[in-house]
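Please take a moment to look over the sequence and the model before reading on. The paragraphs below lead you through the strands, the domains and the pockets in turn.

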Amino acid sequence: MSEEIWTIRKVLTWTTQHFDKKGVDAPRLTTEVLLAHVLKTTRVRLYVDLDRPLEKEELAALRALIARRMAGEPTQYLTGVREFYNRPFKVDARVLIPRPETELLVEAALHALPKDAPGAALDVCTGSGCIAISLAAERPQAQVTATDLSPDACALARENAQTLGVAERVRILEGSLYAPLPPDALFQVVVSNPPYIASGEIAGLSAEVRREPRMALDGGPDGLVLLRQVITGARRVLAPGGLLALEIGETQGAAVQALLQAAGYENARVEKDLERRDRLAFGTQPVATRPQG
């Protein structure tokens, strides 16, 4: 970009072409999001003001974001916001960026929580808090507990809960999986999007994904280490008939279903995402111990 006059129209065209040549995903959308962020406006408003010239400070700010995006920094970290379940969540390098497919996990968990009565849910490996906070926002009488090993993630989740008005009903506990819970904890729903990428596959992920916290990605040698622990541990905290809902990797369906069955869950099953890939796994806590023999 030279020091000539740059209108919104010209910036949109040049940056989109630049991102496209460099192989940036969704070049036009990325351009719109970054420019709208710099101008503190909406993407729709950009097209109303196409002939508006950018000030020098605005152009400098956009240049800096373009350089960071070209270096592999995710767009969501650059803007500091990710929309999830129709709400704006603050995100930064402390947490995994919420994905659209995780909204399916929220949908499934909501079906297991009463709409107009008290309920209790647990979100294991909460990260930004997007699942826990969405459950609390959609179920005004629910009490939601969330755990995460990362103190930085817990701090951000608490900030999101406060900003989105559910802090009084979302308790964020720092610690590994179920360890921070009181001994008498009992939930109707346990939901988790744990790390499930095999350690050896992380180096082959995109530069953007590799910028996200490794702790939130690495599921151990086979990708199932945390999933195994979440599955076995949930048996101790789920109420009879309660639901365990998990997000899993697209190649893990059969293995996770077998883990659920081996752990004693009823109705163990795997469901696909909108791209027809295995993405969700469920199990139901038995209402009573089945007789032997």
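Two strands are said to pair if DSSP finds at least two bridges between them, and the strands themselves (E, at least two residues), like the helices (H or I, at least four residues), are DSSP runs numbered from the N terminus. With this in mind, look at V144, which stands opposite V170 in β5. The two strands concerned are β4, at residues 142–148, and β5, at residues 170–174, and they pair in the parallel sense over 5 bridges. Together with helix α8 (residues 151–163), β4 and β5 make a right-handed β-α-β unit; right-handed here says that, with the strands pointing away from the viewer, the path from the first strand over the helix to the second runs clockwise.

A few words on the source are needed here. This is a predicted model, in which local features need pLDDT of at least 70 and side-chain atom pairs count only at pLDDT 80 or more, while totals for chains, interfaces and linings use all residues. Residues are numbered from 1 along each chain as its sequence is written, and side-chain values use heavy atoms, with hydrogens and water left out.

Strand β8 (residues 266–272) and strand β9 (residues 278–284) pair in the antiparallel sense over 5 bridges, and V270 stands opposite A281 in β9. The hairpin of β8 and β9 has 5 residues between the strands, and in this hairpin R276 takes a positive phi near 65°.

Now step back to the domains, whose bounds come from an automatic or database domain assignment. The protein is divided into domain 1 (8–71) and domain 2 (92–285), and the C-alpha centres of these two domains lie 34 Å apart. The UniProt record, an unreviewed entry, places the feature "domain: Methyltransferase small" at residues 110–201; UniProt positions are given in the numbering used here, feature names are shortened, and annotations may be inferred rather than shown by experiment. Over residues 110–201 the chain is 26% helix and 26% strand, with its end C-alpha atoms 32 Å apart.

Where does the largest pocket lie? Domain 1 and domain 2 both give residues to its lining, so the largest pocket lies between them. A pocket is found on a 1 Å grid over the protein atoms alone, as an open set of points with protein on both sides within 12 Å along at least five of seven lines, and its lining residues have an atom within 4 Å of a point. The largest pocket has a volume of about 950 Å³, where grid points are joined across faces, edges and corners and the volume is the space filled by probe spheres (of 1.4 Å) set on the points. Of the 28 residues that line the largest pocket, L29, V33, T75, Q76 and R82 are the closest to its centre. The largest share of this lining, 5 residues, comes from α2.

The second largest pocket has a volume of about 820 Å³. Among the 35 residues that line this second pocket, the closest to its centre are E101, Y196, E247, E250 and R279, and helix α6 (residues 102–111) gives the most to the lining, with 4 residues.

Finally, consider the annotated sites. For "binding site", the unreviewed UniProt entry lists N193, P194, P195 and Y196, and the lining of the second largest pocket takes in these four residues, N193, P194, P195 and Y196. P195 lies in the loop between β6 (187–192) and α9. The UniProt entry, which is unreviewed, also places the feature "binding site" at D148 and N193. These residues span 46 residues in sequence, yet no two of their C-alpha atoms are more than 11.1 Å apart, so they gather at one spot. D148 lies in strand β4.
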